[in-house]
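Visitor: I'm new to looking at protein models, and I'd like a close look at one part of this one. Could you walk me through it slowly?

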Amino acid sequence: MSGLVLKGVSREFGPVKAVNDVDLEVPNGRFVCLLGPSGCGKTTLLRMIAGLDAPTTGTISIDGEDITRLPTHKRNLGMVFQSLALFPHLTVGGNIAYALRIRGLSKEEQAHRVEELLALVHLPGYADRAVSKLSGGQRQRVAIARALAVSPRLFLLDEPLSALDAKLREAMQVELRQLQQQLGITTIVVTHDQREAMTMADTVIVMQGGEIRQAASPVEIYRKPADTFVADFIGSTNLIDIAREGDHATLLGRPTPVAMPYGISKATLSVRPEDVELTAPASDLPEAKITFVRDLGGAIEFFLDAGGTQVVAVTSPRARPEVAIGDRVGLRLDPTRSVVLTR
Amino acid sequence: MRREPARGLVQHLPVIFPGLMLTVFFIVPFGTMVAVSFFRRQQGGFYVPDFVLANYARFLTPFFGNVLVFSLYLAIAVAVVSLIIAVPFTYLIARSRRVTQVIWLVALLSILSLSEVIIGFAWSTLLSRTAGITNLLVRVGLMDAPKALVPGFGAVLTGMVYQAMPYAVLVLYPSMVRLDPTLTEAARTLGASPLKAFFTVVLPALRTTLIATLIMAFIFALGSYLLPQILGRPSHWTLSVLITDQALYQSNMPFAAAMAVFLVLVSLALVSLTMFASKKLEA
């Protein structure tokens with residue numbers, strides 16, 4: 001198939017398995033985010049795709065060509081490093097033109113392409129500036145322009161926005177996504193920020209312990225997490241034990257309409273806080289006591305104690321129920337918006 | 001960081017101490033030497049205070065001119081060769097494991113504990129005909145008969161590079177270790193082979209350190225006077241040898257002082273030229 005294909009890729013550092021038997025297919029033109037906590041193997045996976053690290057076992061190929069043993073400099077890719085790694089001895093233009101100079105392009109061609117790329121990243125006329133004189137966001141743009149200089153097959157970014165402040169980061173996420181769509185380039189971004197992944201990616205790949213836990217669109221990852229780790233890692237969620245008793249399932253000591261998968265007696269129910277509805281206590285609903293209310297203005301969070309299990313509910317100010325700390329309420333959990341997880 | 005200007009004697013103390021040391025142990029002796037270089041030598045005696053230019057005039061003969069040129073040539077050669085060996089060596093050390101780094105650095109620093117005399121005689125044995133390394137080359141069949149490599153220019157150069165290398169590595173090491181390893185990785189992702197990345201990214205990024213190392217090795221080599229005598233012929237003697245000879249054996253202090261002052265001036269000029277040239281290159 002066309003695009004990037006990883007088959008059974010593993011990387012061991014001594015006894016540690018940083019990446020464990022990963023299979024992955026990225027069709028051309030796709031924007032993929034590798035998301036996971038630190039130490040989950042996402043950076044190692046990216047470095048193997050870049051050729052900066054060699055897999056212990058497995059193969060990597062692009063458009064059907066096996067590149068597992070191809071050295072980095074022959075892979076024709078662009079990479080943005082977490083530290084940006086801008087060359088301190090070169091100007092902005094010199095940095096961007098580096099790949100062109102290595103390939104022996106003429107001075108005129110280099111200058112022309114540099115101006116083109118600077119316009120692309122909204123820094124026209126910056127070619128002669130020293131890299132050290134730029135702001136964080138500008139350095140970021142230069143690093144992106146440098147990586148795109150030779151129109152690479154693959155655009156790889158390792159935690160590219162982690163050095164920026166929150167506001168600039170959000171702006172750059174949108175900009176990066178627009179740039180990718182404009183160029184239609186296959187892009188892989190490593191990040192530990194789930195908001196960043198949700199904003200930019202076509203496909204989010206959640207990793208943990210060197211393995212892929214789930215690979216799907218952002219909405220699917222949020223709505224249908226594959227396991228408790230993904231449910232908990234993406235956004236916030238309530239993980240509540242659910243058990244089968246006779247012919248129905250019970251949740252927090254009450255029967256519930258949630259359907260249990262066949263043959264499973266114990267599982268975990270993932271309910272997003274915005275899907276927990278507070279009502280008057282009723283005999284068929286789980287009961288809980290309000291322990292804390294956090295009014296954030298735009299959203300109100302209720303912390304509830306349901307027989308020892310903490311449950312969080314979020315409502316908008318308009319839908320705010322008339323309750324206070326210490327009140328006993330009934331919990332209505334929408335079965336269609338909750339997911340039964342068996343792992 | 002900006003600071004309030006220091007006020008009062010107490011706040012100036014930290015500056016006064018090094019200032020005092022510099023005055024007592026550098027400015028006064030150097031001033032004395034400059035003064036002596038203008039004094040008149042007394043035949044059979046020592047020297048009397050005067051203001052004559054004869055000492056400098058005597059210097060402008062082809063003989064001393066040649067020695068000066070050779071001294072500078074030798075010092076530059078030592079500096080360049082040391083740098084060419086020390087740069088890849090230090091780069092490989094800086095990229096290796098911590099334990100390996102420590103072992104290499106300790107081994108290298110132990111060279112500094114050897115006296116110049118021991119280094120000189122060790123090399124003269126190693127390069128000799130009877131017990132030297134040429135015997136090994138004969139044994140493995142690369143040469144027909146053992147040969148004496150000492151005395152000679154190669155021997156002088158070898159000994160002095162051996163002595164200057166640890167210093168060069170010590171100056172290079174901190175910058176090489178601190179150099180962001182992702183710089184070379186970035187160069188490789190942009191299409192540069194590892195060797196090309198070394199020449200187009202690592203060396204240019206370290207330019208200031210390389211120049212500092214070059215200057216340090218040059219000045220270090222300029223002062224050497226023992227190794228040229230042990231490992232070289234009289235034609236390989238440096239100005240430092242002549243200065244020692246004049247000062248200690250010919251009792252001609254004013255002439256020795258004049259040569260020393262001249263050597264300082266010439267090396268200062270060369271160093272500033274190097275720094276000026278590197279500034280120009282940067283601009």
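What percentage of the 343 residues in chain A is buried?

Guide: Buried residues make up 40% of the 343 residues in chain A. Here, a residue is buried if 20 or more other C-beta atoms lie within 10 Å of its own, exposed if 12 or fewer, and partly exposed in between, with C-beta atoms placed from the backbone. Before we go on, keep in mind that this is a predicted model: local features need pLDDT of at least 70, side-chain atom pairs count only at pLDDT 80 or more, and totals for chains, interfaces and linings use all residues. As for labels, residues are numbered from 1 along each chain as its sequence is written, while chains are lettered from A and ligands numbered from 1 in the order in which they are written.

Let's start with the whole of chain A. Its C-alpha atoms fill a box of roughly 80 × 45 × 35 Å along the principal axes. Take the contacts in chain A between residues at least 6 apart in sequence: 65% of them join residues at least 24 apart. A contact means that the C-beta atoms of two residues, placed from the backbone, lie within 7 Å.

Now for the sheet. Six strands of chain A form an open sheet with mixed pairing, in the order E6-E7-E8-E3-E9-E10. Two strands count as paired if DSSP finds at least two bridges between them. At the edges stand E6 and E10 (211-216) of chain A, each with a single partner strand, so one side of each is left without a neighbour in the sheet. On average, neighbouring strands of this sheet are turned by 15 degrees against each other, direction ignored. Helix H1(A) packs on the sheet and touches E3 (31-35), E6, E7 (154-158), E8 (186-191) and E9 of chain A. The direction of H1(A) makes about 150 degrees with that of E7(A); axes are lines fitted to C-alpha atoms, for helices over the stretch in contact, and angles run from 0 to 180 degrees between N-to-C directions.

Zoom in on one pair of strands. E9(A), residues 203-208, runs antiparallel to E10(A), and five bridges join them. In that pairing, Val206(A) has Gln214(A) in E10(A) as its bridge partner.

Elsewhere in chain A, E1 (residues 4-13) and E4 (residues 57-62) run antiparallel and are joined by five bridges, with Lys7(A) opposite Thr59(A) in E4(A). E4(A) also has two bridges to E5(A), residues 65-66, again running antiparallel, and there Ile62(A) stands opposite Glu65(A). Together, E4(A) and E5(A) form a hairpin with two residues between them, and Asp63(A) in the turn has a positive phi of about 50 degrees.

Next, two helices. H2(A) and H3(A), residues 107-120, pack at about 125 degrees with their axes 9 Å apart. They are therefore oblique to each other, given that angles under 35 degrees count as roughly parallel, over 145 as roughly antiparallel, 65 to 115 as roughly perpendicular and the rest as oblique. From H2(A), Gly93(A), Ile96(A), Ala97(A), Leu100(A) and Arg101(A) meet Glu109(A), Gln110(A), Arg113(A), Val114(A) and Leu117(A) of H3(A). By class, this contact has five nonpolar, two polar and three charged residues. Nonpolar covers Ala, Val, Leu, Ile, Met, Phe, Trp, Tyr, Cys and Pro, charged covers Asp, Glu, Lys and Arg, and the others, Gly among them, are polar.

Finally, look at where chain A meets chain B. The contact takes 18 residues from chain A and 16 residues from chain B. On the chain A side, E6 and H2 (92-102) each supply at least two residues. That side divides into twelve nonpolar, five polar and one charged residue. Over in chain B, seven of the eight residues of helix H8 (residues 182-189) are buried, so H8(B) is largely enclosed by the rest of the structure. Those buried residues pack against H1 (42-50) and E6 (77-80) of chain A, together with H9 (194-205) of chain B. After H8(B) comes Gly191(B), whose phi is positive, near 105 degrees.

Note on methods: Helices (H or I, at least four residues) and strands (E, at least two) are DSSP runs, numbered from the N terminus.
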